[in-house]
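This report is for a reader who meets the structure for the first time. It looks at how the chain is divided and at what lies between the parts.

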Amino acid sequence: GVVLQLLKEAMVSKLGDTKGFLIDGYPQELKDAEEFESEIGEPKLVLCLDCSAETMKSRLLMRNQSSQNSEDTETTEERIESYYQASNPLTAYYGRKTQLCKVN
């Protein structure tokens, strides 16, 4: 995808200048992880910042209030459910490969 190509270009341009890369928020789905590995390589470590659905909900609702966003509780709950549907297979995948480090 486009995001993967942009990441690859940015990483290749810095290869001689760095010991490694920290990529925030990617991959978001299992297919993205598989594409990343085939195009770039396997990550050495995957960090998962883990919190409860209730914590996510309260933080999203607070952020919505401060940004004048009209997102309601139901929409926020749907976003959290979508997040879990996408991230659970991803964390299981990296967990099996012993590359996953969950942080509370």
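Domain bounds here come from an automatic or database domain assignment. For the protein chain, that assignment gives domain 1 (1–41) and domain 2 (46–66 + 73–103). The model is a predicted one, in which local features need pLDDT of at least 70 and side-chain atom pairs count only at pLDDT 80 or more, while totals for chains, interfaces and linings use all residues. Residues are numbered from 1 along each chain as its sequence is written, and side-chain values use heavy atoms, with hydrogens and water left out.

**Between the domains**

Contact (heavy atoms within 4.5 Å) joins seven residues of domain 1 to eight residues of domain 2. Buried area is the accessible area (1.4 Å probe) that two parts lose on being put together, summed over both.

| Item | Value |
|---|---|
| Distance between the domain 1 and domain 2 centres, over C-alpha atoms | 21 Å |
| Area buried between domain 1 and domain 2 | about 590 Å² |
| Closest N and O atoms of Lys-97 and Glu-37 | 3.1 Å |

Carbon and sulfur atoms give 60% of the area buried between the two domains. Lys-97 and Glu-37 form a salt bridge, a term for a side-chain nitrogen of Lys or Arg within 4 Å of a carboxyl oxygen of Asp or Glu, and the count between domain 1 and domain 2 is one such bridge.

**Leu-45**

Leaving aside neighbours within four places in sequence, Leu-45 is in contact with Gln-99 and Cys-101. Leu-45 and Gln-99 lie 54 residues apart in sequence, yet their C-alpha atoms are 4.8 Å apart in space.
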